[in-house]
Amino acid sequence: MARPIFGIVLNLLIIIAGLAAFSSVDIREMPDVDQPVLSVRTDYDGAVPSTVDTEVTQVLEDALSALDGMSYIESTSSMGSSRITIDLSDGTDVNVAANEAREIVSGALRSLPDDIEDPSVSKSDSNADAIIRLALLGDASLDTLTQLAEGAVYERLSLIDGIAEVTLRGDRANEFRVAVNMPSLLSRGLTIFDVSTALAQLRDDTALGSLSSETQTLSLRVGSKDVTVETINQLPINDTTQVADIAFVQLAPEDANVYTRVNGETAIGLDITRQSVGNTLEISRDVGTAVEELQAQLPEGVQLLVTSNDGIFIEGSINEVVKSILMATGIVVVVIFLFLRSPRATLIPAVTIPVALIGTLAAIWLTGFSVNTISLLALVLATGMVVDDAIVVVENIVRKRKSGMGAFAAAASGANEVFFAVISTTATLAAVFIPISFLPGQAGGVFSEFGFVLAFAVTLSSITALTLAPVLSALLDPGKTLGTAEAATPGALARGFDRVMDFAIRTPLLVLSIAIGFAMIAMGAAMTLPSTVTPEEDRGFFLVQARGASDTTIDYLDTQISMVEDILAPYRESGQIETVQSIIGVGGGTSAFIVVRLPDWVERDFAQQELIAQISGQLSAVPGVQVSARSTNSLNIRGAGGGLSFAVTGTNLAEMTEAADRLTAAMAQDATFLNPQLSNNSVTAQLEVTVDDSAAGDMGLNSSDVSSLVRAMVQGEVAVSVFSDDVEVDVNVVPGGPPIDDPSDIASMSIRLDSGAYVPLSAVASLVTVVSDAQIERLGGALSVSMQANLGEGVDLSTAMDRVLTLSEEVLPDGMGITFTGEAATLDGSQSGIYMVFGVALIVVLLVLAAQFESFASAVVIMMTVPFGMAAALLAISMTGGSLNYYSQIGLVMLIGVMAKNGILIVEFANQLREAGEDIDSAIRSALRLRIRPVMMTMVSTVFGGLPLIVTSGAGAEARIAVGWVIVGGLGFATVFTLFLTPIFYRWITVWGATPGGSAHRLKAEVEATASV
């Protein structure tokens, strides 16, 4: 108290530092816990999955195994496509890894087939959901929309930092389609390859060099006109034939392989995928700016819509948490006033709230953390806790002032008396969160940021309590108006509390029996608690996924998706659904998904999960396709939101598929699972063309002649790309006439011999229908068959995981096993770690308390109450229908520190009284009587400070409610346990420990004895 200006200046500097950091601190949805991921994609048109797996995927996997920082690799080989996903270890620089991966892939190109497209390496998860989806639609042709999407829109979006990929869906540019009349062509002794060769003359990019003179240099180029339908028609194939003689040429949209619609209107979709370490909120804001700019440039009648945007949820969630902080601040100030009944006394602890919270922003910035849902939740809970230290200081100063001391003397004496208690509680809370930072993976990142932010806030509050609170108490003198006589007479409430505590201390076995009984009931309820990674979240949109059989055509799939749109139409008309975007033909053309966006949270009175439950029954009734609805998650877990996902692993794909089918059948008989199925079509029917090498050789042919003909006749052949109106357009040669859609059409194809004669293809090749793997997957290099299942009503993910393991032991043969994927893998990895965290947290707090009190007995007294408080919190979760997830576990870890904090206030003061000469019984009784008000004030302010979390709504409410019930429900019961059990344990346990201050007294006596000699 000798330097009041110093205390004021120190706290002002804390506020200034926080305000300075406010504009620089990173803002995102969650802590930066995203694992760096790379994806390698390779297209191999026309190749079957087994060929892709052998010639592409395995070659690249073997090469990429040398990549520094790779922790896990998985791959999928499907028709014409290879996709490899690489998880990098924590701390790996994704940019460096991506460059190294590109070099490795480039080096492996010589080992890959010649006709593949160059593999692409992206800094994203190829299985991840898009964070933003846009749609371009309006009064324009598909070709115009495609040019806009591929040009101005794509180029502007590609400039945004953090975006890994912009994928166009449903784009259909124009092409010159040359439909060849095959009978006319053959009658002139020509083949479809002769047509392609002639068309190649339309473009000549030969480098001609340059002319140089003494004064100038002129570059030479081949002159070429814009190509039109007429230009192509007049092109000669030989001396007697022009293209117009044997083909019909038109400028028309390309054949569709993906359809996109928005609210039933044809559109072009743009899916934006972020880099694995990108900031969704920043990307969302930048995309919003880009959309506004692009909309001003688009032709009249064309609009660029945002059909889904994760950033809207994130921004809404952060705004809701900020509101909760403001509400909590107001509630806590009111609670303090009701206890102290003095505006001046209330003002002092109230000042600590802005100092601690604003100052914490500086700590967040200095440590490289971010303002996110987790750190803001920590600040909401800190709002009730940061006033605790100031309350303890002010309450003690007021007590000293009432005993007759002067304002400054009371401030100095009162602050010094509780100095150790304040430091102890702060150190204990900080110690709780030290073990959390060592938890691996996503859980460690989430927990450590929460814990450290809370520790920052509480540490700053203790600094404020010990520097600013005494200064303000001396200046405002909150104890001035209360007389000594009034203080000497305890109120009726205090006398009643004394009687209750006296009864509890005299009947310890009864109190302990009640507490143990309550704890047993709570633990029984806790045993049935479901375990999930995160609670189900209402993110403002959900996905409807549909998958047809392996031979499903895109037109049939489109028809079935129209039925799904019809199911959703009444909800859109009633305003329950805002936008429906359908994307048909993904996943090789056999799958589709629909993005269903809901109105803003304040504009509706139902939850996303309620709507999904309403439509799920109707969706399952759509024939010919498997349809299911799922929601996304805040941790960007691969494959999350789709129930239980796992894979059967082994060495023989056929046997694994058969075993997976048996496991699916067993799961279908179990009420734990709904609609168990293989995640992908396991097999597909294929028409195998086998060339008779002997017969072909006799006719001067080889297998490549046959395969080239079949490919050109079935797929068509892009002969050349030309310019028309300054736009590059493909010239596609296709057979005209009836479509080739039957094996007999292939068998009757004519192939030309060197002599000029024609023979049918059946003379040199045979056609056989075979069944082949539709997709080949590998997890960690091992063959796997992916499976998935929705969960039965009331079934949690952890229960489903245990059940599928039991079934797999009964059904799967030796040599096969189960590997969990997606959300199940994350839960499986985090469950064992969280138990370690609780155990280490308890041990660390015990050791810190023992060091602070210089007594293991005092530390054990405080820790003995913690299990009862944990049981109370678990009961609160159970009674409110919650689950054990990241958020509720955060609350439980925090509860260890908060309960220890209450115990410290009582035990530390009892130790002071014992050191002054009182016996154990009178010391604990006096400590309870004198500390009941600060204990109750800190508890009530923390509990009521958490109230905004459980009465919350809007974006991210589920996470806030999960933490809120642990604090509000658990801490309320926990404080009762602290008050009743602490004196009992203190009287039983401290008799086995040394007298408080004994070591110090002994040292002092020995020093004095030595000095007197």
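**Strand pairing and helix packing**

A: In this predicted model, glycine 650 of the chain stands opposite leucine 783, a residue of strand E30. That pair belongs to the antiparallel pairing of strand E21 (residues 644-650) with strand E30 (residues 782-791), which runs over seven bridges. Strand E30 also pairs in the antiparallel sense with strand E22 (residues 673-678), here over four bridges, and within that pairing glutamine 677 stands opposite glutamine 788 of E30. Strand E29 (residues 775-779) is likewise an antiparallel partner of E30, over three bridges, with leucine 779 placed opposite alanine 782. E29 and E30 form a hairpin with two residues between the strands, and in this hairpin glycine 780 takes a positive phi near 60°.

A further sheet is open and consists of six antiparallel strands in the order E13-E12-E18-E19-E17-E20. Strand E13 (265-266) and strand E20 (626-630) stand at its edges and have a single partner strand each, so one side of each is left without a neighbour in the sheet. For E20, the pairing with strand E17 (residues 541-547) is antiparallel and extends over five bridges, and leucine 543 is found opposite arginine 630 of E20. Against this sheet packs helix H20 (residues 608-620), which touches both E17 and E20 and whose direction makes about 20° with that of E17.

The open sheet of four strands, with the order E7-E14-E6-E15, is again antiparallel in its pairing. Its edge strands are strand E7 (163-169) and strand E15 (302-309), each of which pairs on one side only, and the twist from one strand to the next averages 20°. Strand E6 (residues 132-138) and strand E14 (residues 268-274) are joined in the antiparallel sense by five bridges, among them one in which leucine 134 has leucine 270 of E14 as its partner. Helix H4 (residues 142-158) packs on this sheet and touches E6, E7, E14 and E15, with a direction that makes about 20° with that of E14.

On the H27 side the contact is made by Ala857, Val860, Val861 and Met864, and on the H32 side by Thr982, Phe985, Tyr986 and Ile989. Of these contact residues, seven are nonpolar, one is polar and none is charged. In general, an α-helix has 3.6 residues a turn, so residues three or four places apart point the same way.

One more helix can be described on its own: H11 (residues 343-366) has 24 residues and reaches 36 Å from its first C-alpha to its last, close to the 34 Å expected at 1.5 Å a residue. Just after H11 comes glycine 368, which takes a positive phi of about 80°.

Note on methods
Residues numbered from 1 in each chain as written. Predicted model: local features only at pLDDT ≥ 70, side-chain atom pairs only at ≥ 80, totals over all residues. Heavy atoms only, no water. Contact = heavy atoms within 4.5 Å. Nonpolar A, V, L, I, M, F, W, Y, C, P; charged D, E, K, R; others polar. Expected span 1.5 Å × (residues − 1). Pairing = 2+ DSSP bridges. Axes fitted to C-alpha atoms, helices over the stretch in contact; angles between N-to-C directions.
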